[in-house]
Amino acid sequence: RYQVNGVPVIALVDSGSTHCFVDPKDCEAAGYDSTPYKPMEITVANGAKMYCEHKCDGMLWVMQGKEF
């Protein structure tokens, strides 16, 4: 588990991915704005489709001393 601004979050990290995704509720709970964004279709590892319609600008998290 990780914390973003003191809010516990669960992260699944895939170094081969092109984007990072976070639940809009976690984004807002950590003090960041979740703003509408053009819908994006995402294919996850098992082939299922998910849709992203918001973005969370400025959210930073640290893993092994690296900031993302």
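**Terms and basis of the model**

On a 1 Å grid over the protein atoms alone, a pocket is an open set of points where a 1.4 Å probe fits, with protein on both sides within 12 Å along at least five of seven lines, and its lining residues have an atom within 4 Å of a point. The structure described here is a predicted model, in which local features need pLDDT of at least 70 and side-chain atom pairs count only at pLDDT 80 or more, while totals for chains, interfaces and linings use all residues. Residues are numbered from 1 along each chain as its sequence is written, and side-chain values use heavy atoms, with hydrogens and water left out.

**Overall architecture**

The protein has 1 helix and 6 strands, arranged along the sequence as β-β-α-β-β-β-β. Helices (H or I, at least four residues) and strands (E, at least two) are DSSP runs, numbered from the N terminus. Along the principal axes, the C-alpha atoms occupy a box of roughly 30 × 25 × 15 Å.

Of the 68 residues, 18% count as buried, a term that stands for under 20% relative accessible area, with exposed over 50% and partly exposed in between (1.4 Å probe, protein chains only). Among contacts (heavy atoms within 4.5 Å) between residues at least 6 apart in sequence, 34% join residues at least 24 apart.

**The largest pocket**

The largest pocket holds about 1,500 Å³ of space; this volume is the space filled by probe spheres set on the grid points, which are joined across faces, edges and corners. Its lining is made up of 38 residues, and Leu12, His19, Cys20, Phe21 and Val22 lie nearest its centre. The elements giving two or more residues to this lining are β1 (2-4), α1, β3 and β4.

Strand β4 supplies the largest share of the lining, 6 residues. By residue class, the lining divides into 25 nonpolar, 7 polar and 6 charged residues. Here Ala, Val, Leu, Ile, Met, Phe, Trp, Tyr, Cys and Pro count as nonpolar, Asp, Glu, Lys and Arg as charged, and the others, Gly among them, as polar.

**The disulfide and the nonpolar core**

A disulfide is a covalent bond between the sulfur atoms of two cysteines. The structure holds 1 disulfide, assigned where a pair of cysteine sulfur atoms lies within 2.5 Å. Cys27 and Cys56 form this link, S to S 2.0 Å, and it is right-handed, with 90° about the S-S bond. The pair links distant parts of the chain, 29 residues apart: Cys27 is in helix α1 (residues 24-29), and Cys56 is in the loop between β4 and β5 (62-63).

Cys27 is buried, with a relative accessible area of 1%. Both cysteines belong to the largest nonpolar core, whose 9 residues are Val4, Val7, Val9, Cys27, Ala30, Tyr32, Cys56, Met59 and Trp61. Such a core is a set of buried Ala, Val, Leu, Ile, Met, Phe, Trp, Tyr and Cys residues joined through side-chain atoms within 4.5 Å. Beyond its neighbours within four places in sequence, Val4 is in contact with Val9, Ala30, Tyr32, Met59, Leu60 and Trp61.

Cys52 is part of strand β4 (residues 49-55) and is buried, at a relative accessible area of 17%. The closest cysteine sulfur to that of Cys52 is in Cys56, but the two are 10 Å apart and therefore too far for a bond. Apart from its neighbours within four places in sequence, Cys52 is in contact with Phe21, Lys38, Pro39, Met40 and Ile42.

Ser34 lies in the loop between α1 and β3 (35-43) and is buried, with a relative accessible area of 16%. With neighbours within four places in sequence left aside, the contacts of Ser34 are Pro24, Cys27, Glu28, His54 and Lys55.
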